[in-house]
Amino acid sequence: MRSLDSDSGSDALSPFNEWTIASDIREIDRVVLAVTSLCEAAGFPGKVCRLNIPVALTEAIANAIERGNGGDAARSVRVMARIDDTGLCVEVTDEGQGFDVDAVRALADDGDWIEREDGRGVFLMYALMDQVETWCDAGHTVRLVLRRS
Amino acid sequence: MSFAIERDDDLLTVVVDGQLVVGNRQELKQLVLDEVEQGARRVLIDFTDGGYIDSSGLGALVSLNKRVREQGGELRLAGLNDDLRTLFELTRLDTLFLLYGTRSDALVGF
């Protein structure tokens, strides 16, 4: 785990934090715990620290490992988190070519929604975050934004 | 994150300690399926000490519910806090599962 210096980093809490993990689902928890702990320390409400942030971030990292990197342990996933007065911004970047988020975004109105075992991950990211963006550059990135208000 | 099980005749109680997520959902599935294979028909999963659940964890519960019902049994969930209830309502899975406040509540008429 590495904390990056911030251009505006006079706060006690470093606004930029970065982790690089192997494509191993067992690595997810420690990053999620670290980001959630930062948010708790920054005064985010308890419910978003217990639910919104850990669930949405788990989904994003799991997608990066399983879909983006295809579970290839030789590929890594980078997570960058920034916390400031406006809220939390997390970027999860894999080494894949990207995937169509909408194609794997099941909707609650889908006929098989209740009985299906998978397909709720992207739905949850959108439902639990204020903003979700994706793009391909050097790898595929998902940005999750949660505002304080 | 761990699962503790108690078995009383065909009643299986699973106590979840910590989160149910992509990293351990398979462990829970296998644990319950093994017990169902050995005759468990009433399955109670207690989240009183549980943390958050991700989509994989929800999917595992959906899968187990289906399997238990196929065997003529019933699966009940107990001890969900307000956060988890929000998650079930958000995903509409509160319409699929029987949700109870406490383990004692879940055992009534089970």
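How many helices and strands are there in chain A? In this predicted model, chain A has three helices and six strands, where helices (H or I, at least four residues) and strands (E, at least two) are DSSP runs, numbered from the N terminus. Along the sequence, these elements of chain A follow the pattern β-β-α-α-β-β-α-β-β. Residues are numbered from 1 along each chain as its sequence is written, and chains are lettered from A and ligands numbered from 1 in the order in which they are written. Because the model is predicted, local features need pLDDT of at least 70 and side-chain atom pairs count only at pLDDT 80 or more, whereas totals for chains, interfaces and linings use all residues.

The model scores ipTM 0.92 and pTM 0.89. For chain B the mean pLDDT (the predictor's confidence in each residue, from 0 to 100) is 96, and 100% of the residues of chain B reach 70 or more. For chain A the mean is 86, with 87% of its residues at 70 or more. Within chain A, confidence is lowest in strand β1 (residues 2-3), at a mean of 39, and highest in strand β4 (residues 87-93), at 97. Over residues 1-13 of chain A the pLDDT is below 50, although this stretch has 18 contacts in the model beyond near neighbours in sequence; two residues are in contact if their C-beta atoms, placed from the backbone, lie within 7 Å. Where pLDDT is low, the predicted coordinates should not be read in detail.

Of the 149 residues in chain A, 38% are buried. A residue is buried if 20 or more other C-beta atoms lie within 10 Å of its own, exposed if 12 or fewer, and partly exposed in between, with C-beta atoms placed from the backbone. Among the contacts in chain A with a separation of 6 or more, 59% are between residues 24 or more positions apart. One residue of strand β2 (residues 16-22) of chain A is A:Asn17, which is buried because 21 other C-beta atoms lie within 10 Å. The C-alpha atoms of A:Asn17 and A:Val79 are 8.1 Å apart in space, while the two residues are 62 residues apart in sequence.

Helix α3(A) is mostly covered, with six of its eight residues buried, namely A:Gly121, A:Val122, A:Phe123, A:Leu124, A:Met125 and A:Leu128. The cover over these buried residues of α3(A) includes α2, β5 (131-137) and β6 (139-147) of chain A, together with α2 (55-70) of chain B.

The contact between the chains takes 22 residues from chain A and 21 residues from chain B. On the side of chain A that touches chain B, the elements that give two or more residues are α1 (28-41), α2 (46-68) and α3 (121-128) of chain A, and the largest share, eight residues, comes from α2(A). By class, this side of chain A divides into eleven nonpolar, two polar and nine charged residues, where Ala, Val, Leu, Ile, Met, Phe, Trp, Tyr, Cys and Pro count as nonpolar, Asp, Glu, Lys and Arg as charged, and the others, Gly among them, as polar.

In chain B, the axes of helix α1 (residues 25-37) and α2(B) come within 9 Å and cross at roughly 10°. Axes are lines fitted to C-alpha atoms, for helices over the stretch in contact, and angles run from 0 to 180 degrees between N-to-C directions. The crossing makes α1(B) roughly parallel to α2(B), a description that applies to angles under 35 degrees, whereas those over 145 count as roughly antiparallel, 65 to 115 as roughly perpendicular and the rest as oblique. The residues of α1(B) that meet α2(B) include B:Leu28, B:Val32 and B:Val36, and those of α2(B) include B:Ala60, B:Leu64 and B:Val68. This contact of α1(B) with α2(B) has seven nonpolar, three polar and three charged residues.

Strand β3 (residues 42-46) of chain B is largely enclosed by the rest of the structure, because four of its five residues are buried. Five bridges join strand β2 (residues 11-20) of chain B to β3(B), and the two strands run parallel; strands pair if DSSP finds at least two bridges between them. In this pairing, B:Leu44 of β3(B) is the bridge partner of B:Thr13.
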